[in-house]
Amino acid sequence: MTRVLVTGGTGKTGSALVELLRGSGVPVRVGSRNPAADDPDAVRFDWGDPATHPAALRGVDRIFLVPPVESVDPMPMAGPFLAEAHRLDVHRVVLLGSAVVLSNAPGALELAARVRARPGWVVLRASGFMQNFLRTHPLGERIRQHGEIRTAAGDGRLGWIDARDIAAAAFALLVEPGGRREYLLTGPKALSYQDAAKIITARTGRRVRVVHIGTDEQAANYRAAGMPAGFAAALAAVEDGIRAGREEQVSTAVLDLTGRPPRTFAEFVEEHATEWAGHRPPEHWSKKDR
Ligand SMILES: NC(=O)c1ccc[n+]([C@@H]2O[C@H](COP(=O)([O-])OP(=O)(O)OC[C@H]3O[C@@H](n4cnc5c(N)ncnc54)[C@H](OP(=O)(O)O)[C@@H]3O)[C@@H](O)[C@H]2O)c1
């Protein structure tokens, strides 16, 4: 192996992956629009600036690909990049894709198809991130500020996954040849927002209520949080699918790829308990909630 380029190397999944690769002595290149000056492995990589791509690709034979974020049409940027990776004989690309298909984003499907089509290249169809419940995401920020989750997903359930388990699965695929061309990555159990709120309350003492809203209001919330309008609408529409029960599947892929079961939502909450409140876990806290 020569070197792995981790795009989105400063993000939730990418940074966890960089840590795993470095821990195993695998040379990495950490892609970021603002590469850390004190990191010799950091390289400037900006989807919007193709002039940054050749240096990022130089000397790498594997890539973890975080596509352009908050975009409903990644292909104009990712297409030429993948063509160049193919030309350079990059023999492993692991794409961080999504289990949920955005309604107005055929480009995301095209990107996944482009990756799947190459032998050795792999698509990860990741379920919703548990990290969405942290304050870096509008969902988590709302919980922290108002103690509420506003959702159009009703009682629909999702197989929430910890981004670190996605990184672990990607790590396994980047260091071992073979495997399938696509994996659905989920946590161990599908949970509704109501289930998640109950776990947060049980583990942290912070009361979290669920307020049911319409898809249009959710799109407006996402726009207000700074997301581009098209992406906000598509993301809000995902909740229609969750409400209809289309996203509740769970898989064994994390266990199969890493040999370890994915983290439970209760474990995740415990680790991040100070995110939502300074409350202590209540007396009745017990392992049966896991
Ligand atoms: N959240 C979910 O529930 C969920 C579910 C399934 C799939 N996903 C997918 O996961 C991906 C996000 O992964 P993540 O949560 O690990 O990342 P993240 O924590 O949101 O961080 C985003 C990363 O992308 C980089 N980035 C942003 N704009 C960029 C640009 N123009 N050019 C190059 N890099 C750029 C950032 O690097 P710098 O800021 O340092 O440049 C950062 O490393 C998205 O593609 C999303 O669709 C998310």
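1. The largest nonpolar core has 34 residues, and those with the most contacts inside it are Phe133, Ile149, Ile200, Phe265 and Trp276. A nonpolar core here is a set of buried Ala, Val, Leu, Ile, Met, Phe, Trp, Tyr and Cys residues joined through side-chain atoms within 4.5 Å, where buried means under 20% relative accessible area, exposed over 50% and partly exposed in between (1.4 Å probe, protein chains only). At least two residues of this core come from each of helix 5 (138–146), helix 7 (193–204), helix 8 (215–224), helix 9 (229–243) and helix 11, and the largest share, 6 residues, is supplied by helix 9.

2. Please keep in mind that this is a predicted model, in which local features need pLDDT of at least 70 and side-chain atom pairs count only at pLDDT 80 or more, while totals for chains, interfaces and linings use all residues. Residues are numbered from 1 along each chain as its sequence is written, and side-chain values use heavy atoms, with hydrogens and water left out.

3. Not counting residues up to four places away in sequence, Ile200 touches Phe133, Ile143, Gly205, Arg206, Val208, Phe265, Val269 and Trp276, a contact being heavy atoms within 4.5 Å. A second, separate core of 30 residues includes Leu21, Val122, Phe171 and Ala253.

4. The structure holds 8 aromatic pairs; rings of Phe, Tyr and Trp (its six-membered ring) pair if their centres lie within 6.5 Å, and planes under 30 degrees apart count as stacked, over 60 as edge-to-face and the rest as tilted. The rings of Phe45 and Phe81 have centres 5.4 Å apart and planes at 65°, so this pair is edge-to-face. It links distant parts of the chain, since Phe45 lies in the loop between strand 3 (42–44) and helix 2 (53–57), and Phe81 in helix 3 (residues 75–87), 36 residues apart; helices (H or I, at least four residues) and strands (E, at least two) are DSSP runs, numbered from the N terminus.

5. Trp47 and Phe81 also form an edge-to-face pair, with 5.1 Å from centre to centre and 75° between the planes. Because Trp47 lies in the loop between strand 3 and helix 2 and Phe81 in helix 3, the pair ties together parts that are 34 residues apart in sequence. Both Trp47 and Phe81 are buried, and Phe45 is buried as well.

6. Elsewhere, Phe133, Trp160, Tyr193, Phe265 and Phe268 form one aromatic cluster.

7. Thr264 sits in the loop between helix 10 (253–258) and helix 11 (265–271). Thr264 is buried, with a relative accessible area of 16%.
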